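Me: Could you take me through the pockets of this protein?
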Amino acid sequence: MEKNTKIITKLSFLAEKTVELVPRKSTLKPLSYFCYSIICGTTPSTKNSQFWMGNIPFITLEDIRDLPFVTSSQRKISEECFIKCNRQLHEGDIITSCIGTVGKVAMVSCDCQTNQQINAVNPIPKYRYYLYEGLKKKKAELLLLSKSGSATPNINKNTFSNICFAIPNDCELDKINSALSLIFKKILVLQKENDTLRKQKNVLLAKYFG
């Protein structure tokens, strides 16, 4: 696991520096310009036990760690819940925490749903990695925007949608996206390997130490 984690760190740094090389135009556009939709999370009714009997990840703040992808969650929902709640996220969507602990950013690795503390971006594919790295660098701005006078830090959907980014040079972005895709695919494989190794470790610990 330690070896994989070191490789993930190096690859993440490489991806960040690669995106920084993309020339940007002086024109600024809101986040909504770069994506198909922005989705606010919600918590399904806990009164319906059938909603919580499944294998689809239900992502909360605790599941977003300092890694490019969320590959697992503490809580799961059913397929029925996933469809009925109509807040579906899919592999490659970008999530950002906007209530409470603000500014945690990751991509999701499979079909899932989030709670109301998280906003999700369904990006236009060519902008996926550009937005992911860009939102990571917006943490200070996100924290400032969240201080609206309420007791709990909060960025509403409209404010989040209007966070501005410089328009990248599409030709240069296209050139590096294939490389970025390979980098993030490798990261995802390594993260999943670590998940498997962690489960195996926990099983062995339980077996030998109760």
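This is a predicted model: local features need pLDDT of at least 70, side-chain atom pairs count only at pLDDT 80 or more; totals for chains, interfaces and linings use all residues.

Me: What is the volume of the largest pocket?
Reply: The volume is about 480 Å³. A pocket is an open set of points on a 1 Å grid over the protein atoms alone, where a 1.4 Å probe fits, with protein on both sides within 12 Å along at least five of seven lines. The volume is the space filled by probe spheres set on the points, which are joined across faces, edges and corners.

Me: Which residues are the closest to its centre?
Reply: They are Arg65, Thr71, Ser72, Asp195 and Arg198, out of 18 lining residues; a lining residue has an atom within 4 Å of a point.

Me: And which element gives the largest share of that lining?
Reply: Helix α6 does, with seven residues. The elements that give two or more residues are α1 (2-20), β4 (69-70) and α6 (170-209). Helices (H or I, at least four residues) and strands (E, at least two) are DSSP runs, numbered from the N terminus.

Me: Now the second largest pocket: how much space lies there?
Reply: About 340 Å³. Of its 16 lining residues, Asp66, Leu67, Val105, Tyr132 and Lys136 are the closest to the centre.

Notes:
Residues are numbered from 1 along each chain as its sequence is written. Side-chain values use heavy atoms; hydrogens and water are left out.
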